[in-house]
Amino acid sequence: MANSVPGLVFRQLFEKESSTYTYLLGDEASKEAILIDPVVETAERDAKLAEDLGLKIIYGINTHCHADHVTGTGKLKQLVPGMKSVIAEKSGAKADMFINDGDVLKFGQHKLEVRATPGHTDGCVSYVLNDGVMCFTGDAVLIRGCGRTDFQQGDPGLLYESVHSKIFTLPDKCIIYPAHDYKGLMNSTVLEEKTLNPRLTKNKEEFIEIMNNLGLPYPKQIDRALPLNLVCGIQD
């Protein structure tokens, strides 16, 4: 789905080992930009792309404290002087700026509204662009799925409430961009997920039952990723 937001430079980037999407959003006029969910292994790629496009990354922001990859915000701070790392205050992780529900991050003429969407972790947030044009959902809503709730303060009932109150109340045509996809899908819409998501279309009790019985394997990078992500991806 092509970007059609006036004055916005938009790139969706991919890191193959953890199937993570990173998003670069820039303002055409001011050249201010933000980077959502960067990965340490692709930080140099992201910094180079922004430079090539004439953009200045002012914020490197995370949707939550990830368990499946090491964040690139710490490395990007070394590559992009003046960039500030951003994460939810409730994440318990280190950053230059801490955000909470209702906060707004601005870059040029554009804005990202912070919506707290806990349940996968306590510190999960989603970022809503320009009053509902796009929503960057992290692991709260994946395309036809959602983040697991069996570790890192996971709570399926809370995740269900978060999604239905903070994401499914956005305009139906709002484009959803998740933190991951494992099947090659790139984006969805609020309407699609409200009607086609096999988990989140169930009632709350059925959703909790599904999430409590997924039987997923232990995340392969969690023991490396979590300690580093608590310190912005860089060990002192």
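Rings of Phe, Tyr and Trp (its six-membered ring) are taken to pair if their centres lie within 6.5 Å, with planes under 30 degrees apart counted as stacked, over 60 as edge-to-face and the rest as tilted. The structure is a predicted model, in which local features need pLDDT of at least 70 and side-chain atom pairs count only at pLDDT 80 or more, whereas totals for chains, interfaces and linings use all residues. Residues are numbered from 1 along each chain as its sequence is written, and side-chain values use heavy atoms, with hydrogens and water left out.

A search of the whole structure for aromatic pairs returned nine. One of them joins Phe10 and Tyr23, which are stacked at 6.1 Å centre to centre with 10° between the planes. This pair links distant parts of the chain, since Phe10 belongs to strand β1 (residues 8-15) and Tyr23 to strand β2 (residues 20-27), 13 residues apart; strands (E, at least two residues) and helices (H or I, at least four) are DSSP runs, numbered from the N terminus. Tyr23 also pairs with Tyr21 in a tilted arrangement, at 6.2 Å centre to centre and 45° between the planes. Ring pairs join Phe10, Phe14, Tyr21, Tyr23, Phe136 and Tyr177 into a cluster.

Burial was assigned from relative accessible area (buried under 20%, exposed over 50%, partly exposed in between; 1.4 Å probe, protein chains only). Phe10 and Tyr23 are both buried. The relative accessibility of Tyr23 is 1%, and Tyr21 is likewise buried, at 5%.

A nonpolar core is defined as a set of buried Ala, Val, Leu, Ile, Met, Phe, Trp, Tyr and Cys residues joined through side-chain atoms within 4.5 Å. The largest such core comprises 25 residues, and those with the most contacts inside it are Leu25, Ile61, Leu112, Tyr127 and Phe136. A second, separate core of 17 residues includes Val128, Tyr160, Phe207 and Met211. When residues up to four places away in sequence are not counted, the contacts of Leu25 include Phe10, Ile34, Phe107, Leu129 and Phe136, a contact being heavy atoms within 4.5 Å.

Grid points are joined across faces, edges and corners, and a volume is the space filled by probe spheres set on the points. The largest pocket has a volume of about 700 Å³. Its lining consists of 30 residues, with Leu142, Cys146, Arg148, Tyr182 and Leu216 nearest the centre.

One cavity of 30 Å³ or more was found. The largest cavity holds about 60 Å³ of space. Of its 14 lining residues, Asn62, Thr71, Thr73, Ile87 and Asn229 are the closest to the centre. Strand β5 (residues 84-88) supplies the largest share of this lining, three residues.

Ser19 lies in the loop between β1 and β2 and is buried at 13% relative accessibility. Arg144 lies in the loop between β10 (134-138) and α3 (156-167) and is partly exposed, with a relative accessible area of 31%.

Conventions: On a 1 Å grid over the protein atoms alone, a cavity is a set of points where a 1.4 Å probe fits but cannot get out, and a pocket is an open set with protein on both sides within 12 Å along at least five of seven lines; lining residues have an atom within 4 Å of a point.
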